[in-house]
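Thanks for asking me to look this over. Below is the model, and after it come my notes, in the order in which I would read them.

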Amino acid sequence: MDDVLIQISQAGDVNGLYESIRKNPAVLKNMDEIMFEDTPLHIAASAGQTCFALEVMNLMPSFARKLNKDGLSPIHLALLKGHSELVLLLLRDDRELVRVKGKGGMSPLHYAAKNGNIKLLAEFLAACPSSVEDVTVESETVFHIAVRNKGIEALEVLVGWLNRVCHEDVFSWKTDVLNWRNMQGNTVLDIAELNRQNEAIQLLAQINAKMSIALASGTNTSRWEERRNLRNMLRRAGSWPDSRITLADYLRSKIKFHEKLAVFVTRNRMKISEDLRNALLVVGGLIVAATFQSVFSPPGGLRQDNGNPSVMANGTYINTTVTNTTDAGGSPSNDVGTSIMDRAIFLLFFFFNSFILSSVVSIIGILLSDSGLGVSMSMMLGFLLLCYGISISVISPDTIVAGVLYVLLALFFIATFILLYVYSTGMKMIQQLRYKANKCRSCGR
C-alpha cells in the first residue's frame, strides 16, 4: 500500500479514499490478493477512525478477516488499541469476526480474556456463543487464558455466562471445553491449582470443572474438598434491572434460583425436536380430554332425581331400578347429580385423576412457546383446571370429599403460580442476554 493511502486511512479521509479508487479502481482488489497485508481497514482500525473503517468494510468485507504481517486482523488491532466502540461496530456486521484467529491462534475473545477487558468479553460471548470452542495453537481455551493471566473478573464473566447461556451445545461446552487439556496436558482447573488461585478454584467448582488424572493423583484430596466447600464465600449477585449494571457485571454475579429454573427449562426444551414437541402436545391433549371426561361420566354413574343412579350406555344415561325399603321417597334432592361411588373410592380415583390432569397441563404449558399466543394458551389451561375443580365439587358424594379435593387443587395452583412467577422472572434475565446478542447486529453499543 502506498504512502498516500496510508495517510488517508490514518486521517479517516473517506473522500480521499474514493479519489484513490478513481485513480486506480483495482487498488483495493490488488491488496486483497496479497496474503498478508496492512489494508486501509487495518490502519483505520488501529487509528480508531470508525466511519472510515466502516466505509472500507462496506466496500471490501474480506478485509475484516485478513491478517497483516504481524498476524493481526482489523478487529484485533481495534481491540488492542482500546477502540471498543469500533470493535462492536465491526462485530455488528459480522458476528463471526469474534472467531478470527491471529498470531498464535489468538482470537479477539482470547485477547479480551487475556487483557481483562470484561466488557468486550461479555459482548463477544453474547454475540457469538460458539466462539468459546476456539483454542489457540497451544491448545488453550479462553478459560485457560483467563486463569493463566490471573483474570479473576474475566473468569467470573465466563462462569456466569456458561451457567446462563441457552444453546444447543451448552452441555458439550460444560464437559469438553471446560475440561479441555492444553499442550502440557493441563485443564483449566489444573492451572488454577498449580498457581494456587483459590478464587479461581472456587468459581470453577461451581461448574464442576475437573482436574487431569495425573495432577489429581498428586493433589491432597482433603485440601481439594476443603476448597470445594468454599463456594458459599462467593460474593452476592447484582441486580440486572439496574441500568448501571453492565452485561459483564451481570455475568460475573452468582446465578440465582429463578435463573437456574429458567435455564433448566429452556435448555431441556431446546433438546426436544419440533416433531417430538408436536407429538407430545397431541398426546397431552388426548390425556387432558380423557381425564376431564371422567367428571361427566364417573365410574358407576350419577344419581338422578328419583334416587336411582344413572349408568351410561352407548353415550346415553339410562336409569336403573333400585328398590329401597327404607326410603320410598328416594334420595334427598341435594344428592341429585352426585357420584354413586363410595366416599373413599371417589377420593382415591379423583386424586390420581387430578394429579394426571394437572401434570399433563403443566407439561403442555412448558412445551408451549413463550410468545403471547403460548402464554394465552397456558392461561386457558389454567382456567380449564379451575372448571375441573368446580365440577368435582358438584359431583362429590359429600362436602368433606369436595373440601379435600379443593385443598389439593388449591395447593397445586399456588405451587404452579409460584413456579411460573419464578420462571418468568428468570426468563426476563435470560431474554436480556439474548437481547444483548441481537443488539450487536443493530447497534454498536
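1. **Ground rules.** This is a predicted model, in which local features need pLDDT of at least 70, side-chain atom pairs count only at pLDDT 80 or more, and totals for chains, interfaces and linings use all residues. Residues are numbered from 1 along each chain as its sequence is written, and side-chain values use heavy atoms, with hydrogens and water left out.

2. **Confidence.** pLDDT is the predictor's confidence in each residue, from 0 to 100. Its mean over the protein is 79, and 79% of the residues reach 70 or more. Please treat two stretches with care. Over residues 220–244 the pLDDT stays under 50, and the model has 40 contacts there beyond four places in sequence (contact: heavy atoms within 4.5 Å). Residues 437–445 are also below 50, with 19 contacts beyond near neighbours in sequence.

3. **Overall makeup.** You will find 22 helices and three strands; these are DSSP runs numbered from the N terminus (helices H or I, at least four residues; strands E, at least two). Of the 445 residues, 45% count as buried, where buried means under 20% relative accessible area, exposed over 50%, and partly exposed in between (1.4 Å probe, protein chains only). Among contacts with a separation of 6 or more, 71% join residues 24 or more positions apart.

4. **Nonpolar cores.** A nonpolar core here is a set of buried Ala, Val, Leu, Ile, Met, Phe, Trp, Tyr and Cys residues joined through side-chain atoms within 4.5 Å. The largest has 75 residues, and Leu121, Phe124, Phe143 and Leu204 touch the most other members. Beyond its neighbours within four places in sequence, Leu121 contacts Leu109, Ala112, Ala113, Val142, Ala154, Val157 and Leu158. A second, separate core holds 19 residues, among them Val295, Phe350, Val360 and Leu368.

5. **Helix H8.** Why is helix H8 (residues 108–115) described as largely enclosed by the rest of the structure? Because six of its eight residues are buried, namely Pro108, Leu109, His110, Tyr111, Ala112 and Ala113. Their cover includes helices H6 (74–80), H9 (118–127), H10 (142–148) and H11 (152–164). Just after H8, Gly116 takes a positive phi of about 75°.

6. The whole structure has nine salt bridges, each a side-chain nitrogen of Lys or Arg within 4 Å of a carboxyl oxygen of Asp or Glu. In one of them, Asp134 meets Arg99 at 2.7 Å, N to O. Asp134 sits in the loop between H9 and H10, and Arg99 in the loop between helix H7 (84–93) and H8, so the pair ties together parts 35 residues apart in sequence. Asp134 is buried at 8% relative accessibility, whereas Arg99 is partly exposed at 24%.

7. **Other bridges.** Which residue forms a salt bridge with Glu274? That is Arg277, with the closest N and O atoms 3.3 Å apart. Both lie in helix H19 (residues 274–296), three residues apart, or about one turn of the helix. Arg277 counts as buried at 14% relative accessibility. Salt bridges that share partners also join Arg99, Glu133 and Asp134 into one network. Glu193 and Arg196 form another bridge, at 4.0 Å, N to O, and Glu193 is buried with a relative accessible area of 4%.
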